[in-house]
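Please walk through this structure with me, one contact at a time. Keep the sequence and the 3D view side by side.

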Amino acid sequence: MRRVWEITYGPQVRVRVIVVSSYPRATRVREEMENGHPFDQLAVNWSVDPSRDRGGLLDPLSTVDPAYPAALREALDELSPGESTNPILLGDRYVIAKLEERLPPQLVPFDSVQEDLARRTRIAQE
């Protein structure tokens, strides 16, 4: 329950991603980034992820949420806003992520949402 609370109300990050199908494509995207091309435009042009239509922008996520691959979460923990990762192999795809911003935790006491979290956790398990 505490983990669900931390994922839901704890610190989060706003991230853009570019997902490509091969390492050569990933290195080409990195080269274009280094040459000054905007990340969001590169996402529209190169990414195979559904977020491409939003310039690769994902909904805010928690770096402790196991729904996201550990390699991506760990890489995001190392970044400062504006920085991006090197290509990360995730399954059969490569992802390059750019940290847009770190969002502070919401000031929601655990006790005030414990019952709701328990209900949502039960529903998810069912």
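Glu34 and Arg30 both sit in helix 2 (residues 23-34), four residues apart, about one turn of the helix. Helices here are DSSP runs of H or I with at least four residues, strands are runs of E with at least two, and both are numbered from the N terminus. Glu34 and Arg30 form a salt bridge, their closest N and O atoms being 3.8 Å apart. The term salt bridge calls for a side-chain nitrogen of Lys or Arg within 4 Å of a carboxyl oxygen of Asp or Glu. Side chains of opposite charge can pair when their charged atoms come close.

The model is predicted: local features need pLDDT of at least 70, side-chain atom pairs count only at pLDDT 80 or more, and totals for chains, interfaces and linings use all residues. Residues are numbered from 1 along each chain as its sequence is written, and side-chain values use heavy atoms, with hydrogens and water left out.

Is Glu34 buried or exposed? Glu34 is exposed, because its relative accessible area is 59%. The cut-offs are under 20% relative accessible area for buried, over 50% for exposed, and partly exposed in between, with a 1.4 Å probe and protein chains only.

At 40% relative accessibility, Arg25 counts as partly exposed. Arg25 and Pro109 are 84 residues apart in sequence, and their C-alpha atoms are 45 Å apart in space. Ala26 gives another span: its C-alpha atom is separated by 31 Å from that of Thr8, 18 residues apart along the chain. Thr8 belongs to helix 1. Thr8 is partly exposed, with a relative accessible area of 24%.

How do helix 2 and helix 3 meet, and at what angle do their axes cross? The axes of helix 2 and helix 3 (residues 39-46) come within 10 Å and cross at roughly 150°. That makes helix 2 roughly antiparallel to helix 3. Axes are lines fitted to C-alpha atoms, for helices over the stretch in contact, and angles run from 0 to 180 degrees between N-to-C directions. Angles under 35 degrees count as roughly parallel, over 145 as roughly antiparallel, 65 to 115 as roughly perpendicular and the rest as oblique. Helix 2 passes helix 3 in a right-handed crossing. In a right-handed crossing the near helix is turned clockwise from the far one by less than a right angle; anticlockwise gives left-handed.

Now move to helix 5. Which residues pair with Asp116 in salt bridges? Asp116 meets Arg119 in a salt bridge of 2.6 Å, N to O. Asp116 also meets Arg120 in a salt bridge, at 3.2 Å from N to O. Asp116 and Arg120 both lie in helix 5, four residues apart, about one turn of the helix. Asp116 and Arg119 are separated by about one helical turn, because they are three residues apart in helix 5. Asp116 is partly exposed, with a relative accessible area of 28%. Arg119 is partly exposed at 41%, and Arg120 is partly exposed at 35%.

The structure holds eight salt bridges. Salt bridges that share partners join Arg16, Lys98 and Glu100 into one network.

Next come the rings. A search of the whole structure finds two aromatic pairs. One of them is Trp5 with Phe110, edge-to-face, at 6.0 Å centre to centre and 85° between the planes. The pair links distant parts of the chain: Trp5 is in helix 1 (residues 2-9), Phe110 is in helix 5 (residues 110-125), and they are 105 residues apart. Rings of Phe, Tyr and Trp (its six-membered ring) pair if their centres lie within 6.5 Å; planes under 30 degrees apart count as stacked, over 60 as edge-to-face and the rest as tilted.

Phe110 counts as buried, because its relative accessibility is 9%. Trp5 counts as partly exposed, at 24%. Arg2 lies over the face of Phe110, at 3.9 Å from the ring centre. For such a contact, NZ of Lys or CZ of Arg must be within 6 Å of the ring centre and within 35 degrees of the ring normal.

Finally, step back to the whole chain. There are five helices and three strands. Along the sequence they follow the pattern α-β-α-α-α-β-β-α. The C-alpha atoms fill a box of roughly 50 × 30 × 25 Å, taken along the principal axes. Of the 126 residues of the chain, 37% count as buried.
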